[in-house]
Amino acid sequence: MRGKYVIAGIGHTAYGKLPGRTTVSMNVEATRNALRDAGIEKALVDAVLVKAPTSAREMVYGQLVSEALGVVPKWSFAVDQGGAANVSLISIACMGIEAGQCDVAVVCYADNPRTGNRAFMGRARTSEAGAFGWAAAAGGYGMIHQAHIAEYGTRPEDFAAIAMACRKHGATNPDAQLKAPLTLEAYLAAPFVVEPMRRDDICLVSDGAAALIIMSEKRARELKVPAPVPILGFGQGQTTTEVTQRPKLTESMAKVSAKTAFDMAGIGPKDVDAVQFYDCFTVVAMMALEEYGFCKPGQVGAFAREGRLEVGGDLPLNTSGGLLSETGMPGLQLVMEGVRQVRGTAANQVKNAGKVVVSNQGGQMQTHATLILGA
Amino acid sequence: MDESGIEITELTKPYWDSLAGGKLSFQTCRACAHKWLPARDTCPNCLALDDYDWTPASGRGHVVSWVVYHTAFDPAFKARVPYNVAIVELAEGPRLITNLATPNETIKVGLAVDLAPEPRFNVTLPCFKPAS
Ligand SMILES: [Zn+2]
């Protein structure tokens, strides 16, 4: 299936505060923009695959979005896999088309935790966890961040280097929600939220939506889609739901997900021109760089300080700013930036970005999905 | 946490009763001898249903990781900030979330700890302190 399916169109809403909008309405706006980008009519869509909004769950959400789009698809469902869901949905769309189940798929996501309900972000996973004050996703990621320090001697400067690279790229992305670059001094001076994580280790909270159009490369040619981007590989990996139960806190199943995707694409880390890695917390992007085989564990800080994670370096990271700077949206902005890099239309364009790897992950590093795009 | 505290079910009652008596217990499978926490009625190893014993733990363990909350995401913890939360692995293997009764700056990954039960909300919590 390598290269047989493409991302034919991308679309999104504004990022940041979108008060008064429903998630369904935002999904429609993003999908309308993605259809326009692909240059196709909505009547061709026969699959609507949605990542369920994180902040508010609704029954048969895929059908609600389909109805608002005015399409009657063969396939439609909402999946719950945390932040890995969008890349997983892309792979499911490809396999669905391959199996003759559908022809043109929309993959979309919308949420409004910034102006709507963000209670889910501070909640404890169980009442027992709550009794110890173990609340919010930051608690679980903080445990992983601490374990990384204990195991590899990782320093605050190393975590800062991830945030600084992402913020540098966000600063020159007109769509980014947070355009202020970050200095090491500012990183160190910011208060701890859940120690050892400081403010700038933690991603943005954003309203917004994004959508993709998936079809076969052949169909894209027939429909004269202007800038289809081939999907070269994908993979997934899942580890324990509870961080407490994870055998080694500094390992997720990102390694397995990456290997599956690299094997499918027939390439390895040395062939990659840019990475768009999920960065809800700095340690997450750091561990992806390690587990995907780009850096030895504990070496990411030194790698970053050589400027290698910036546009102009040999492995630019999150060239539109990622979750730390562009938008806190859980994943699709990274896929869209991968598409723009391969097309050559990114705000912070990497020269000859032939192969771009995207990671999505969710929960507290429980779920992981990898996507490889390229010509 | 609201006023009602922790929800105690038929499944978890022996766990909380044991703690009220000053002992931490974990589940041991009668079929395969696997040991686990938190409470569940199926063995996560051999999948046996309702076929376990509650085994008293030695109360010894070590810190797997830990954090310090500088923000009270839950208003009930506002007065405790900055407070620690740790993952402890018992000498017998099962792991649990806990608070450590020691100044935050004395905590380290690998720190040996002993059970130090603490009444809070509607239960006695399995808190820990540095091993003596
Ligand atoms: Zn068993």
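Guide: What follows starts with the chain as a whole, goes on to the sheet and its loop, and ends with some backbone details elsewhere. The model is a predicted one.

The sheet belongs to chain B, which holds one helix and ten strands. Along the principal axes, its C-alpha atoms fill a box of roughly 45 × 35 × 25 Å. Of the 132 residues in chain B, 44% are buried. Among contacts in chain B with a separation of 6 or more, 50% are between residues 24 or more positions apart.

As for the surface, chain B has an accessible area of about 6,500 Å², and carbon and sulfur atoms account for 52% of that. The chain carries 12 positive and 15 negative side chains, with the centres of the two sets 8 Å apart.

Now the sheet itself. Three strands of chain B form an open sheet in the order β2-β1-β3, and the pairing is antiparallel. The edge strands are β2 (35-36) and β3 (52-56) of chain B, each of which pairs on one side only. In general, strands of a sheet pair through backbone hydrogen bonds, either parallel or antiparallel. Strand β1 of chain B covers residues 25-29, and its antiparallel pairing with β3(B) runs over five bridges. One position in this part can be named on both sides: B:Ser25 stands opposite B:Pro56, which lies in β3(B).

The loop between β2 and β3 of chain B deserves a look of its own. B:Pro38 sits in this loop. The peptide bond that leads from B:Leu37 to B:Pro38 is cis, with omega near -10 degrees. B:Asp50 is also placed in the loop between β2 and β3 of chain B. Its phi is near 50 degrees, which is a positive value in a residue other than glycine. B:Asp50 counts as exposed because its relative accessibility is 51%, and the cut-off for exposed is over 50%.

The peptide bond from A:Glu195 to A:Pro196 is cis, with omega near 15 degrees. A:Pro196 lies in the loop between β5 (192-195) and β6 (197-198) of chain A. A:Asn318 is not a glycine, yet it has a positive phi of about 45 degrees. This residue is found in the loop between α12 (300-305) and α13 (322-325) of chain A. A:Asn318 counts as buried because its relative accessibility is 0%, where buried means under 20%.

Helix α11 of chain A spans residues 282-291 and is mostly covered, with ten of its ten residues buried. Among the buried residues of α11(A) are A:Thr282, A:Met286, A:Leu289 and A:Glu291. After α11(A) comes A:Gly293, where phi is positive, near 95 degrees.

Conventions
Residues numbered from 1 in each chain as written. Chains lettered and ligands numbered in written order. Predicted model: local features only at pLDDT ≥ 70, side-chain atom pairs only at ≥ 80, totals over all residues. Heavy atoms only, no water. Helix = DSSP H or I, 4+ residues; strand = E, 2+ residues; numbered from the N terminus. Buried < 20%, exposed > 50% of the residue type's maximum accessible area, 1.4 Å probe, protein only. Contact = heavy atoms within 4.5 Å. Areas by Shrake-Rupley, 256 points an atom, 1.4 Å probe, with all protein chains shown as cover. Lys, Arg positive; Asp, Glu negative; His and termini not counted. Charge placed at Lys NZ, Arg CZ, Asp CG, Glu CD. Pairing = 2+ DSSP bridges.
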